[in-house]
Amino acid sequence: MTNDFESIRSSDVIFVIGSNTTEAHPVVGAMIKERVAAGAKLVVCDPRRIELAKYAEHYLRHRSGSDVALVNSIMHVIVEEKLYDADFIESRTEHFEELKELVRSYAPEKMESVTGIAPEIIRSVARLFASGPNSAIFYTMGITQHTTGTNNVRSLCNLALLCGMFGRAGVGVNPLRGQNNVQGSCDMGALADSLPGYMKVVNPDAAPKVKKMWNADLNPKPGMSVAPMMDAAGRGELRALYIMGENPMVTDANTQHVSHSLDELDFLVVQDIFLTETAQKADVVLPAACWAEKDGTFSNTCRAVQRIRKAVDAPGEAKADWEILRDAANALGADWRYETPSEIFDEIASFVPSYAGMSHERLENGPLQWPCPTPDHPGTPILHTGKFSRAGGRAQFLPVEWQAPHEWPDEEYPFIATTGRSLYHYHSGSMTRRSATGEFLDRLYIEVNPEDAGSLSLADGEMVRVTSRRGTVAGEARVTDRVPPGVVFLPFHFGEAAANNLTASVWDPTSETPPFKISAVKIEK
């Protein structure tokens, strides 16, 4: 996130797209509702009628896969009516003329056939967002989980730049992270092409820095992200995997393909707190301590680094993740002598410039938001206040054309299936399905529009089967207008009825994120 949570209290317009905020991020959702109650205007863009739509000044039920066309048409109006922030664009951006030229062909009247949104609504939203004066964008995986996910994000950044919505309270582009500490794991280099601190392995400065810090030789070739790993394992090109705190048998695209790929491995290690569906396939399971059983830090979605403190002992042979990794490394011949998480954090601070001013001692007094480059630095709640981090201090517009999704309904598969979360479960359900909320919602349900249910003679509560080119899943029908005609929604938390049987193992060429939000399917009673 470019801004912190407190910044929401300064927003005049809140633009939420591809985010079921009150269910997937309920604390942030509550803060948005509080701000709307205090007078802010809310715009919600989602094919599914989420709870936040009840509070919206404008609810745009745009067609699945039309995000770039929608945002480009909003920018068309802003450019056409000269509502953009000319001073900001002149002083802090590049390539504005290219954006103007591209959005010229995205008139709302022309895009209505793509987005399904009436032109007068687009024009009202454009005027509202541009007038702000403080307009903030919030999005999640409804934007990123497409084969065009990177372009979806670029279009939102273009919109914020166009209206000068960076560098102060109440504005910004704010992706809400999906799992606890996913921001921290990315900060620490848990990406296929990066070292801790986001230094690319291909950077000529990377190898000398690694050599100096760890006396190790760095392979300059980027690794593989999750989806290509599964493909490589399925082809027999990847022989071993070490999986920590992930459950791809439930959460990854194309479950049958994932199962086959894991079975093809020579050796699979899973490190987790429960015997998940993935751990059941492992050759070795390493029992890990949960969050309350270890010391360390979490870095949250708005870049706040927070201390966590051990409250109880871990059961049985379970150990903290850092201890397991240290012991495994030493068994392989390393000489890692870490005794506490604080020592490891000090090493992080010496390698990662944005963490350089932090320590466990400082974090005892409360969280700090990176970048925090020196021990006396207060942290950075809001990014890009004076200049952008890009070379030269200017941001660049990256105009993108709308592209159709990877697959579209046809005669054989006439519906779209989209997956997502329920308020009552978290991710693969490995924790929440062992809790009281797991008893409240204990099986897969499938949302079906009343019009489609009528054509199938399908009543609420009856069983419905959904089939794609990859697989089939069955669940209890919920007949509701939360989904539009031609669309069904499935939560993905249920391993025994995995919604990801339906999804495709293709991905965005830049982010390598699979398209969980669009699968062409047929539905049967």
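Reply: This is a predicted model. In it, β10 and strand β11, residues 304-308, pair in the antiparallel sense over 4 bridges. Within that pairing, F298 stands opposite Q306 in β11.

Me: In what order do the strands of this open sheet lie?

Reply: The open sheet has 3 strands in the order β10-β11-β12, with antiparallel pairing.

Me: How many helices and strands does the protein chain have?

Reply: The protein chain has 19 helices and 19 strands. Its radius of gyration is 24 Å, close to the 24 Å that the globule rule gives for 525 residues, so the chain is as compact as a globular protein of that length. Taken along the principal axes, the box filled by the C-alpha atoms is roughly 65 × 60 × 40 Å.

Me: What percentage of the residues is buried?

Reply: With buried meaning under 20% relative accessible area, such residues make up 53% of the 525 in the protein chain. The chain exposes about 23100 Å², and carbon and sulfur atoms supply 53% of that area.

Me: What share of the contacts joins residues at least 24 apart?

Reply: Among contacts between residues at least 6 apart in sequence, the share is 68%.

Me: How far apart are the mean positions of the positive and negative charges?

Reply: The protein chain has 51 positive and 68 negative charges, and their mean positions are 3 Å apart.

Definitions and conventions:
Residues are numbered from 1 along each chain as its sequence is written. This is a predicted model: local features need pLDDT of at least 70, side-chain atom pairs count only at pLDDT 80 or more; totals for chains, interfaces and linings use all residues. Side-chain values use heavy atoms; hydrogens and water are left out. Helices (H or I, at least four residues) and strands (E, at least two) are DSSP runs, numbered from the N terminus. The radius of gyration is taken over C-alpha atoms; the globule rule is 2.2 Å times the number of residues to the power 0.38. Buried means under 20% relative accessible area, exposed over 50%, partly exposed in between (1.4 Å probe, protein chains only). Contact means heavy atoms within 4.5 Å. Accessible areas come from the Shrake-Rupley method with a 1.4 Å probe; for residues, only the protein chains shown count as cover. Lys and Arg count as positive and Asp and Glu as negative; His and the chain ends are not counted. The place of a charge is taken as NZ of Lys, CZ of Arg, CG of Asp or CD of Glu. Two strands pair if DSSP finds at least two bridges between them.
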